[in-house]
Amino acid sequence: MTYTEFKDEVLVKVKERYNEDYEISIQEFQKNNGTVLDGLIIRNSKFNISPTIYLNGYYAKLEDNVEFDTIFDTIVNVYETHKREYDIDIVDIMDFEKCKDKIIFKLVNYEQNAEMLKNIPHVRYLDLAIVFYLFCDSLEKEIEGIGTIQISDDWLERWKISKDELFEIAKENTPKILEYKADSLSDIIQRAMKRSDMLDDEIFEEIENIPPYIVLSNKSGVNGASVILYDNLLKSIAKAINFDLFIIPCSIHEVIIAPALESFMYNKGAALKDTIAVVNNNELAEVDVLSNNLYLYSLEKDAIEIY
């Protein structure tokens, strides 16, 4: 079954499953790094919101020999779990006073999102861009995501605020709404291996000898790389270990923080840069890639730079 045939079959079966009270369609959504995903919309016509179920990943399961009926049942279950039977007040979104406490930011790659950035407010940051969203706790989240609406240039005109004001508001809100989360890499590995019953004394000792890497994200685990912009977070870590910090961009969702040890700095961090490139090219979905660059946080300068 080709991907087009898969989408068509899903659409037919969903329309058979739900009656004429539902508006059902598959729409293309422009996502991070120019990636286009196909979103299944199943919306009760009585309400103006619905979850978006992206089909691309489900087709990958079909390619892994999962039965179509099993995949379809999963899609239906996801919809039934996440559907919400109420309206969102569009008028409220245009009211700055009702929105200002929910404005947040995230980080994306500047060059890979150049087309998208033409129409949205953003702040250039090294090889990245800071972009802005409205956090909607009353809006049903995208599956495996958080409920957000991207802020466009015309919103600022309606709100009568500048991009600089938007940035300052988001800098205050984001750490409150999406608190940072820090885990040691060795703890994460240990937990994963315990779940799979792979941890023995010899492996445990090897894990204990892993350098003190810290995995940073936010409490949702979505778009968590932006925590590197939180005031004083990197400074407090650098002060605690008395080292400058390497920032390894794992994805748009998380970063790894490592002390800038002499061994890592050899040949301008070539080993770490090679690792970043390999992971981005072979392990990550394109939509999740943040950057191929290695970053250095300087405690003396209290600033991040490309290393």
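The legends below describe close-up views of a predicted model of one protein chain.

**View 1. The whole chain, for orientation.** The chain has 307 residues, and 44% of them count as buried. Its secondary structure consists of 13 helices and 13 strands. Among contacts with a separation of 6 or more, 60% are between residues 24 or more positions apart.

**View 2. A negative surface patch.** Two helices, H1 (3-17) and H3 (68-82), each contribute at least two residues to the negative patch. Helix H1 gives the most, with 4 residues. Asp73 belongs to helix H3. The relative accessible area of Asp73 is 46%, so Asp73 is classed as partly exposed.

View 3. The side chains of Arg43 and Glu23 form a salt bridge, with an N to O distance of 2.4 Å. Arg43 lies in strand E2 (residues 36-44) and Glu23 in strand E1 (residues 22-30), so the pair, 20 residues apart, links distant parts of the chain. Glu23 is partly exposed, because its relative accessible area is 40%. A search of the whole structure finds 9 salt bridges. Side chains of opposite charge can pair when their charged atoms come close.

**View 4. The salt bridge of Lys83 and Glu80.** In this view the side chains of Lys83 and Glu80 meet in a salt bridge, 2.8 Å from N to O. Lys83 has a relative accessibility of 23% and therefore counts as partly exposed. Glu80 is also partly exposed, with a relative accessible area of 33%.

View 5. The side chains of Lys171 and Glu168 meet in a salt bridge with an N to O distance of 4.0 Å. Lys171 and Glu168 are 3 residues apart in helix H8 (residues 163-177), so about one helical turn separates them. Lys171 counts as partly exposed at 28% relative accessibility. For Glu168 the relative accessible area is 47%, and this residue is partly exposed.

**View 6. Glu97 and Trp159.** Glu97 is found in helix H5 (residues 96-99). With a relative accessibility of 51%, Glu97 counts as exposed, because the cut-off for exposed is over 50%. Along the chain, Glu97 and Trp159 are 62 residues apart. In the model, 8.8 Å separates the C-alpha atoms of Glu97 and Trp159.

**View 7. Asn65, a residue with positive phi.** Asn65 sits in the loop between helix H2 (56-63) and H3. Phi of Asn65 is near 75°, a positive value in a residue that is not glycine. Most residues other than glycine have a negative phi. Asn65 has 68% relative accessibility and so counts as exposed.

View 8. The loop shown runs between strand E9 (214-218) and helix H11 (233-241), and Asn232 is found in it. Asn232 is not a glycine, yet its phi is positive, at about 70°.

Technical notes:
Residues numbered from 1 in each chain as written. Predicted model: local features only at pLDDT ≥ 70, side-chain atom pairs only at ≥ 80, totals over all residues. Heavy atoms only, no water. Buried < 20%, exposed > 50% of the residue type's maximum accessible area, 1.4 Å probe, protein only. Contact = heavy atoms within 4.5 Å.
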